[in-house]
Amino acid sequence: MKKLLLVSMISAVFAVPAVAEETADIVVIGSGGAGLSSAITAHDLGKKVIVLEKMAYLGGNTNRSTGGLNAAGTKYQAKLGIKDDVQTMINDTMKGGGNINNPELVKTLAENAPGSVDFIIGLGGDLTDVGFMAAATNKRCHRPTGGAPVGPEIVKTLVNASKDRHLDIRTMAKADKILTENGKVVGVQYSQKGKPEQTIKAKAVVIATGGFSANQDMLVKLKPELKGFATTNHPGATGEGIALGESVGAATVDMDQIQTHPTVVPGKGVMLTEAVRGNGAIIVNREGKRFVNEMDTRAAVSKAILDQKGQTAFLLFDQDVRKSLKAIEGYVKGGLTTEGATLDELAKKLGMNAANLKATMATYAKDQANKKDTQFNRPNMERPLTQGPWYAVEITPAVHHTMGGLKINTKAEVLDKAGKPIPGLFAAGEVTGGIHGNNRLGGNAVADIITFGRIAGQSASAVK
Ligand SMILES: Cc1cc2nc3c(=O)[nH]c(=O)nc-3n(C[C@H](O)[C@H](O)[C@H](O)COP(=O)(O)OP(=O)(O)OC[C@H]3O[C@@H](n4cnc5c(N)ncnc54)[C@H](O)[C@@H]3O)c2cc1C
């Protein structure tokens, strides 16, 4: 008995807490566009911020985004003579999302997206080129000069801005648990390989962990028909942020709304940005015929491709389109394109009926000149596709975006099942749901992550 008492006294005096503890004003989970926008915003409001990133690299899926960031009524559009406005972006987003989107979130997105373009440019980024994306009435997709990929530019800009501010960003640091006391969020517990579990006490936590397109089990549970589908996403897009939120009572919304992207290289998972179609490319099947309005929603174009023989098709464009979009150089250099000096040569290389292909191209060029797609009613046909050489890439749909996630309000506060904000908990980016309805428009995710990232940073900073 004496011995037992002694042991417990020694352990009380020398007890090493299993969990090391430190403090911050705000912990941001995830270093993608949403997380870093939120962290920079909060830092600039005078807050001590710690960012946790489970992967060895920063930027998540944001690194991979290629097409651009949608915003309507910007000075960059005006400079290029493009007329557009916030209400048209709202209408396009609601229509594109099957009108199941949360209208308040969509309004907040459209009203604040121009400020997000300014935010990135203000931090030294380049988003001054503007192009078309599918199902958008106007050119509103902001991207770097010459149509270069948007994601690397945004991540580089945000990472440089974080370095300038000496932001505390920890990689290989996986958030495992959100801590609460009396119903209020008070911190995060996280793990780093080879180290004991650590705790950061904080006034607010921002979940910015991205989507779950790389989590086959989760996808198939929600939508069994996605079994075996490839994904365009980075391996860290596995959706733990949703479970973290749910563990402290968060509600979710639209979880079964999962998007496939129609132009992904079979077997490689490499996605060709929608901006290739926006700048003029068409899609043909193995018979050399068009079969869809290429600028229809991703859901519609994906379905049309899966209805073709072999469940693949070919994205086809000419030298004129290639010259118009820097992102295409990466696809050519990566060996993804089949090239033909003539349409006959291209058809031969693809094993396609040359007469059909030439007839398709002639009809398209005529319709383009007359500004009327007599076959599929495509709204914008940017180029006649008459300048060889011509290029083709075999494509098929792959899982691309998860529209559902944690339920938030316009302040990026995470809501519980009764619709009440969970004190101290915020979320932004693809981990949230409700903004994109049943189909996210190209360019609207990057607009979403920067916009709601900034809002989450502001709201989290206001917590006393
Ligand atoms: C190939 C491709 C091209 C795209 N092109 C476009 C485009 O042109 N325009 C557009 O609008 N959208 C595009 N998208 C979609 C867009 O890129 C994403 O929706 C967006 O980048 C998501 O940003 P995020 O900050 O929410 O998440 P991410 O950028 O994915 O960042 C989340 C981060 O959180 C980390 N994380 C996850 N769980 C934890 C945890 N438990 N602890 C710590 N860290 C964690 C992840 O590792 C990741 O780094 C594209 C997507 C892909 C895949």
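Predicted model: local features only at pLDDT ≥ 70, side-chain atom pairs only at ≥ 80, totals over all residues.

Q: With which strand does β13 pair over six bridges, and in which sense?

A: The partner is strand β15 (residues 390–402), and the pairing is antiparallel. Here L315 stands opposite V393 in β15.

Q: Which residues of β13 point one way, and which the other way?

A: In a regular strand, side chains alternate between the two faces of the sheet. In this case A313, L315 and F317 point one way from β13, whereas F314, L316 and D318 point the other way.

Q: Are the residues of β13 buried or exposed?

A: Six of the six residues of β13 (residues 313–318) are buried, so the strand is largely enclosed by the rest of the structure.

Q: Which residues touch the most other members of the largest nonpolar core?

A: This core has 127 residues, and those with the most contacts to other members are V27, V205, V206, L315, A427 and A428. Helix α15 (residues 444–461) contributes the most to the core, with nine residues.

Q: Why does this core lie between domain 1 and domain 2?

A: Domain 1 (20–257 + 403–461) and domain 2 (259–398) both give residues to the core, so it lies between them.

Q: What does A427 touch, leaving aside residues up to four places away in sequence?

A: With those residues not counted, A427 touches V206, I207, A208, G245, L406, I408, A412, V414, T432 and A456.

Methods. Residues numbered from 1 in each chain as written. Core = buried A, V, L, I, M, F, W, Y, C linked by C-beta atoms within 7 Å. Buried ≥ 20, exposed ≤ 12 C-beta atoms within 10 Å, placed from the backbone. Helix = DSSP H or I, 4+ residues; strand = E, 2+ residues; numbered from the N terminus. Domains from an automatic or database assignment. Contact = placed C-beta atoms within 7 Å. Pairing = 2+ DSSP bridges.
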